[in-house]
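Please keep the viewer open while you read.

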Amino acid sequence: MASRAPFSLEARGLRVVLGSHPAIDGVDLAWNGESRMAVLGPNGAGKTVLLRTLHGLLAPDDGRVLWSGAAALPGDQAMVFQRPVLLRRSALANVEYALAVRGMARAQRRERAREALAAVGLASVADRAARVMSGGEQQRVAIARAWALRPRVLFLDEPTASLDPNAAADVERVMGEIRGAGTALLFTTHHLGFARRMADEIVFLHGGRITERTPADRFFAAPRSREAEDFLRGELP
């Protein structure tokens, strides 16, 4: 993996209430990006809420998220959502727009955007309208847009959800290349095969709480919590 500046991410006592229900309830988590971390759990466990809170899109009702000991790490993280939010523009223009918002000079934006699209295998369709692309292509546009920002940390929420096997394999390949370039990956998924291949470490959520955190190979071979055992047997949705 390419060398990047060290960082630390720490969640302390996170609690996020949606409506009258605590979606995240008392989560403590520390991570330095050395491992590829997957957050697993049944539907409604709080996976997406946790990711959005760590990224800063949701403010916790209690607790704090600390980056390298500070309250935030602005400009050094990006997020890819389960359903890509794309502008009514070409794939290239979608990536360029993110770079413009980040403040990159016009002269550099197009070259960086084309490089990012080429890296995800979309160089030949860079000028195609993003919203008419296939689901897999749209997800790769979203990943290219995030990767073009050169983040130290990339959050991905269910990056292969609803994709066919070929499209999912493309996303998996791109994530491997991003990791190889030195970007830390923290992602949610309900695809256990994907988690086995891509994760070094598993955080298992149930009812808004972390019930287990363990190396991925150990988690799949011998989970420590009853909830994780039920999940792996398919007894939790």
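Predicted model: local features only at pLDDT ≥ 70, side-chain atom pairs only at ≥ 80, totals over all residues.

The numbered points below start with the whole chain and then turn to single elements and residues.

1. The protein chain holds eight helices and nine strands. Its radius of gyration is 18 Å, close to the 18 Å that the globule rule gives for 237 residues, so the chain is as compact as a globular protein of that length. Along the principal axes, the C-alpha atoms fill a box of roughly 50 × 40 × 40 Å.

2. Of the 237 residues, 51% count as buried. If you take the contacts between residues at least 6 apart in sequence, 68% of them join residues at least 24 apart.

3. Six strands form it, in the order β5-β6-β7-β3-β8-β9, and their pairing is mixed. At the edges are β5 (77-80) and β9 (209-215), each of which pairs on one side only. On average, neighbouring strands of this sheet are turned by 15° against each other, direction ignored.

4. Asp157 stands opposite Thr188 in β7. Helix α5 (residues 165-180) lies across both β6 and β7, and runs at about 145° to β7.

5. Which residues does Ser35 touch, leaving aside its neighbours within four places in sequence? They are Arg179, Leu185, Asp200 and Glu201. Ser35 itself is found in the loop between β2 (21-31) and β3 (37-40). With a relative accessible area of 14%, Ser35 is below the 20% cut-off and therefore counts as buried. Its side chain also makes a polar contact of 2.7 Å with the side chain of Glu201.

6. Asp200 lies in the loop between α6 (192-198) and β8 (201-206), while Arg36 is in the loop between β2 and β3, so the pair ties together parts that are 164 residues apart in sequence. Asp200 counts as partly exposed, at 33% relative accessibility.

7. In general, side chains of opposite charge can pair when their charged atoms come close. The count comes to 14 salt bridges. One of them joins Asp170 and Arg140, with the closest N and O atoms 3.7 Å apart. This pair links distant parts of the chain, since Asp170 is in helix α5 and Arg140 in helix α4, 30 residues apart. Asp170 is partly exposed, with a relative accessible area of 26%, whereas Arg140 is buried at 10%. Salt bridges that share partners also join Arg15, Asp25 and Arg209 into one network.

8. For a pair with two partly exposed partners, turn to Glu10 and Arg12. Their side chains meet in a salt bridge of 3.1 Å, N to O. Glu10 has a relative accessible area of 30%, and Arg12 has one of 37%.

9. Helix α2 (residues 91-101) is worth a visit for its packing. Its buried residues include Ala91, Leu92, Asn94, Val95, Glu96, Ala98 and Leu99. The buried residues of α2 pack against α3 (106-119) and α4 (135-147). After α2 comes Gly103, which has a positive phi near 100°.

10. Arg150 lies in the loop between α4 and β6 and is partly exposed, at 39% relative accessibility. Another belongs to Glu158, with a phi near 50°. Glu158 sits in the loop between β6 and α5 and counts as buried, at 7% relative accessibility.

Definitions and conventions: Residues numbered from 1 in each chain as written. Heavy atoms only, no water. Pairing = 2+ DSSP bridges. Helix = DSSP H or I, 4+ residues; strand = E, 2+ residues; numbered from the N terminus. Axes fitted to C-alpha atoms, helices over the stretch in contact; angles between N-to-C directions. Contact = heavy atoms within 4.5 Å. Buried < 20%, exposed > 50% of the residue type's maximum accessible area, 1.4 Å probe, protein only. Polar contact = N/O pair within 3.5 Å; in protein donor to acceptor, adjacent residues only side chain to side chain. Salt bridge = Lys/Arg side-chain N within 4 Å of Asp/Glu carboxyl O. Rg over C-alpha atoms; globule rule 2.2 N^0.38 Å.
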